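Subject: Handover of a structure

Hello,

I am passing this structure on to you. The sequence and the model are below, and my notes on what was found follow.

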Amino acid sequence: MKIIPNFLLITIFLFLSCTSNDAQREFESEAFRDPSGITQVTSQGEVLSIDPDDWRTSPFFQGVIEVKPAYPNPIELGGVIEFEYYVSSVQPVNGLQVVIRDVNGQLSNQIYMSSNNPLPNGVDNFRLDSKSLSPDNSDALARGLHRVFFFDFNQRLISYGDIEVE
(Lines give C-alpha, C1' and ligand atoms only; values in the text may rest on other atoms or scores of the structure.)
Protein backbone atom coordinates (compact mmCIF):
# COMPACT_ATOMS: atom_id res chain seq x y z
CA MET A 1 0.00 0.00 0.00
CA LYS A 2 2.92 2.40 0.57
CA ILE A 3 3.90 2.20 -3.11
CA ILE A 4 0.73 3.95 -4.29
CA PRO A 5 1.08 7.03 -2.06
CA ASN A 6 4.78 7.41 -2.97
CA PHE A 7 3.96 7.00 -6.64
CA LEU A 8 1.16 9.52 -6.29
CA LEU A 9 3.46 12.06 -4.61
CA ILE A 10 6.09 11.65 -7.31
CA THR A 11 3.47 12.03 -10.05
CA ILE A 12 2.07 15.20 -8.46
CA PHE A 13 5.57 16.65 -8.02
CA LEU A 14 6.46 15.94 -11.67
CA PHE A 15 3.19 17.44 -12.88
CA LEU A 16 3.71 20.61 -10.85
CA SER A 17 7.32 20.88 -12.05
CA CYS A 18 6.26 20.60 -15.69
CA THR A 19 3.48 23.14 -15.19
CA SER A 20 5.90 25.55 -13.51
CA ASN A 21 8.47 25.14 -16.30
CA ASP A 22 5.77 25.69 -18.94
CA ALA A 23 4.62 28.86 -17.18
CA GLN A 24 8.21 30.13 -16.99
CA ARG A 25 8.79 29.39 -20.70
CA GLU A 26 5.57 31.22 -21.61
CA PHE A 27 6.58 34.20 -19.46
CA GLU A 28 9.98 34.36 -21.16
CA SER A 29 8.40 34.08 -24.60
CA GLU A 30 6.15 37.05 -23.80
CA ALA A 31 9.11 39.02 -22.41
CA PHE A 32 11.09 38.79 -25.64
CA ARG A 33 8.36 40.28 -27.80
CA ASP A 34 8.82 43.86 -28.94
CA PRO A 35 7.90 46.54 -26.39
CA SER A 36 4.31 47.64 -26.86
CA GLY A 37 3.35 50.17 -24.21
CA ILE A 38 4.25 51.54 -20.81
CA THR A 39 2.93 51.74 -17.30
CA GLN A 40 2.69 55.50 -16.86
CA VAL A 41 4.21 56.62 -13.55
CA THR A 42 4.79 60.11 -12.13
CA SER A 43 8.14 61.32 -10.84
CA GLN A 44 6.88 60.55 -7.31
CA GLY A 45 6.17 56.91 -8.22
CA GLU A 46 2.37 57.25 -8.52
CA VAL A 47 0.98 54.86 -11.14
CA LEU A 48 -1.34 56.67 -13.58
CA SER A 49 -2.07 53.81 -15.98
CA ILE A 50 -1.01 50.16 -16.14
CA ASP A 51 0.33 48.17 -19.05
CA PRO A 52 -0.60 44.61 -18.04
CA ASP A 53 2.52 43.29 -19.78
CA ASP A 54 4.93 45.44 -17.71
CA TRP A 55 6.78 44.67 -14.49
CA ARG A 56 5.27 41.24 -13.91
CA THR A 57 7.25 38.73 -11.86
CA SER A 58 8.22 35.45 -13.51
CA PRO A 59 6.63 32.27 -12.15
CA PHE A 60 10.01 31.11 -10.85
CA PHE A 61 10.40 34.23 -8.67
CA GLN A 62 6.78 34.67 -7.49
CA GLY A 63 6.83 35.69 -3.82
CA VAL A 64 10.63 35.99 -3.87
CA ILE A 65 11.34 39.32 -5.59
CA GLU A 66 9.08 42.04 -6.92
CA VAL A 67 10.14 44.81 -9.32
CA LYS A 68 8.09 48.00 -9.02
CA PRO A 69 7.24 50.08 -12.11
CA ALA A 70 10.15 52.37 -13.00
CA TYR A 71 9.52 56.09 -12.61
CA PRO A 72 8.99 58.56 -14.07
CA ASN A 73 7.68 56.86 -17.17
CA PRO A 74 7.67 58.33 -19.76
CA ILE A 75 10.89 60.17 -19.05
CA GLU A 76 12.46 63.13 -20.80
CA LEU A 77 15.81 62.68 -22.49
CA GLY A 78 18.53 63.47 -19.95
CA GLY A 79 16.26 62.76 -16.99
CA VAL A 80 16.92 60.22 -14.26
CA ILE A 81 14.76 57.13 -13.93
CA GLU A 82 14.44 55.18 -10.70
CA PHE A 83 14.06 51.42 -10.34
CA GLU A 84 12.94 49.79 -7.10
CA TYR A 85 12.67 46.15 -6.12
CA TYR A 86 11.76 44.20 -3.02
CA VAL A 87 13.42 40.90 -2.03
CA SER A 88 11.57 38.69 0.46
CA SER A 89 13.21 36.21 2.79
CA VAL A 90 11.51 33.21 1.14
CA GLN A 91 14.59 32.10 -0.80
CA PRO A 92 17.83 33.82 -1.85
CA VAL A 93 18.17 35.65 -5.16
CA ASN A 94 21.61 35.20 -6.70
CA GLY A 95 22.58 38.72 -7.71
CA LEU A 96 20.93 41.06 -10.17
CA GLN A 97 21.72 42.09 -13.73
CA VAL A 98 19.59 44.62 -15.59
CA VAL A 99 19.98 44.68 -19.37
CA ILE A 100 18.37 46.15 -22.47
CA ARG A 101 18.37 45.10 -26.08
CA ASP A 102 20.72 46.63 -28.61
CA VAL A 103 19.54 47.97 -31.98
CA ASN A 104 19.62 44.40 -33.38
CA GLY A 105 17.32 43.10 -30.66
CA GLN A 106 20.09 41.24 -28.78
CA LEU A 107 20.42 41.44 -25.00
CA SER A 108 23.78 43.06 -24.72
CA ASN A 109 23.71 46.33 -22.85
CA GLN A 110 24.02 45.86 -19.11
CA ILE A 111 22.73 49.01 -17.48
CA TYR A 112 22.98 47.91 -13.85
CA MET A 113 24.42 45.10 -11.75
CA SER A 114 24.25 44.32 -8.05
CA SER A 115 27.09 42.02 -7.08
CA ASN A 116 25.40 41.13 -3.78
CA ASN A 117 25.00 37.39 -3.85
CA PRO A 118 22.49 36.73 -2.49
CA LEU A 119 20.60 40.01 -2.68
CA PRO A 120 19.79 41.37 0.78
CA ASN A 121 16.18 41.11 1.94
CA GLY A 122 14.07 44.25 1.80
CA VAL A 123 13.71 47.19 -0.55
CA ASP A 124 16.55 48.41 -2.74
CA ASN A 125 16.74 50.80 -5.67
CA PHE A 126 19.02 52.30 -8.27
CA ARG A 127 18.87 55.31 -10.56
CA LEU A 128 19.99 55.74 -14.16
CA ASP A 129 20.28 58.58 -16.62
CA SER A 130 17.83 58.00 -19.48
CA LYS A 131 20.74 58.08 -21.96
CA SER A 132 21.99 54.81 -20.45
CA LEU A 133 19.04 53.14 -22.21
CA SER A 134 20.83 53.87 -25.47
CA PRO A 135 23.29 51.22 -26.67
CA ASP A 136 25.84 53.95 -27.43
CA ASN A 137 24.73 56.73 -25.01
CA SER A 138 23.50 58.81 -27.95
CA ASP A 139 20.43 60.99 -27.83
CA ALA A 140 19.06 59.48 -31.03
CA LEU A 141 19.10 55.87 -29.77
CA ALA A 142 17.95 56.84 -26.27
CA ARG A 143 14.64 58.20 -27.56
CA GLY A 144 11.80 55.74 -27.98
CA LEU A 145 10.48 52.65 -26.27
CA HIS A 146 12.93 50.34 -24.47
CA ARG A 147 12.37 46.96 -22.83
CA VAL A 148 14.35 46.46 -19.63
CA PHE A 149 15.08 42.93 -18.36
CA PHE A 150 15.95 41.88 -14.79
CA PHE A 151 17.94 38.62 -14.49
CA ASP A 152 19.64 36.82 -11.63
CA PHE A 153 23.28 35.70 -12.02
CA ASN A 154 22.02 32.31 -13.28
CA GLN A 155 20.45 34.12 -16.27
CA ARG A 156 16.92 33.40 -15.04
CA LEU A 157 14.48 36.13 -16.03
CA ILE A 158 12.94 37.85 -12.99
CA SER A 159 10.88 40.64 -14.55
CA TYR A 160 10.72 43.05 -17.47
CA GLY A 161 9.08 46.32 -18.36
CA ASP A 162 8.99 49.05 -20.97
CA ILE A 163 10.30 52.60 -20.61
CA GLU A 164 9.64 55.45 -23.01
CA VAL A 165 12.22 58.20 -23.44
CA GLU A 166 10.75 61.36 -25.00
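I start with Val93, which touches Phe61, Val64, Ile65, Val87, Asn117, Pro118, Leu119, Asp152 and Ile158, leaving aside residues up to four places away in sequence. Please keep in mind that this is a predicted model. Val93 belongs to the loop between strand 5 (80–87) and strand 6 (96–101). Its relative accessible area is 1%, so Val93 is buried.

Backbone

Pro118 lies in the loop between strand 7 (107–114) and strand 8 (122–129). The bond from Asn73 to Pro74 is also cis, and its omega is near 10 degrees. Pro74 sits in the loop between strand 4 (65–67) and strand 5.

Two values of phi deserve a note as well. Trp55 is not a glycine, but its phi is positive, near 60 degrees. Gln155, likewise not a glycine, has a positive phi of about 65 degrees. Why list these bonds and angles at all? Because most residues other than glycine have a negative phi, and most peptide bonds are trans.

Trp55 and Gln155 are both loop residues. Trp55 is in the loop between strand 2 (47–49) and strand 3 (56–57), and Gln155 is in the loop between strand 9 (144–151) and strand 10 (157–165). Trp55 is buried, at 6% relative accessibility, whereas Gln155 is partly exposed, at 48%.

Salt bridges

The model has 10 salt bridges. One of them pairs Arg25 with Asp22, at 2.5 Å from N to O. Both residues are in helix 1 (residues 3–31), where they are three residues apart, about one turn of the helix. Asp22 is partly exposed, with a relative accessible area of 44%.

Another salt bridge joins Glu30 and Arg33, with 3.9 Å between the closest N and O atoms. Glu30 is buried at 16% relative accessible area, while Arg33 is partly exposed at 49%.

A further salt bridge is formed by Glu82 and Arg127, whose closest N and O atoms are 4.0 Å apart. Glu82 is in strand 5 and Arg127 is in strand 8, so this pair ties together parts that are 45 residues apart in sequence. Which of the two partners is buried, and which is exposed? Glu82 counts as buried, because its relative accessibility is 15% and the cut-off for buried is under 20%. Arg127 has a relative accessible area of 57% and is exposed.

Some of the bridges share partners: Glu30, Arg33, Asp53, Arg56, Arg147 and Asp162 are joined in this way into one network.

Aromatic pairs

There are 10 aromatic pairs. In one of them, the rings of Phe27 and Tyr160 have centres 5.4 Å apart and planes at 55 degrees, so the pair is tilted. This pair links distant parts of the chain, since Phe27 is in helix 1 and Tyr160 is in strand 10, 133 residues apart. Both partners are buried: Phe27 has a relative accessibility of 4% and Tyr160 has 0%.

Phe32 and Phe149 form a stacked pair, with 5.0 Å from centre to centre and 15 degrees between the planes. Phe32 is in the loop between helix 1 and strand 1 (40–41) and Phe149 is in strand 9, so the pair ties together parts that are 117 residues apart in sequence. Phe32 is partly exposed, with a relative accessible area of 38%, whereas Phe149 is buried, at 0%.

Last, Trp55 comes up again: ring pairs link Trp55, Phe83, Tyr112, Phe126 and Phe150 into a cluster.

Regards

Key. Residues numbered from 1 in each chain as written. Predicted model: local features only at pLDDT ≥ 70, side-chain atom pairs only at ≥ 80, totals over all residues. Heavy atoms only, no water. Helix = DSSP H or I, 4+ residues; strand = E, 2+ residues; numbered from the N terminus. Buried < 20%, exposed > 50% of the residue type's maximum accessible area, 1.4 Å probe, protein only. Contact = heavy atoms within 4.5 Å. Salt bridge = Lys/Arg side-chain N within 4 Å of Asp/Glu carboxyl O. Phe/Tyr/Trp six-rings, centres within 6.5 Å; stacked < 30°, edge-to-face > 60°.
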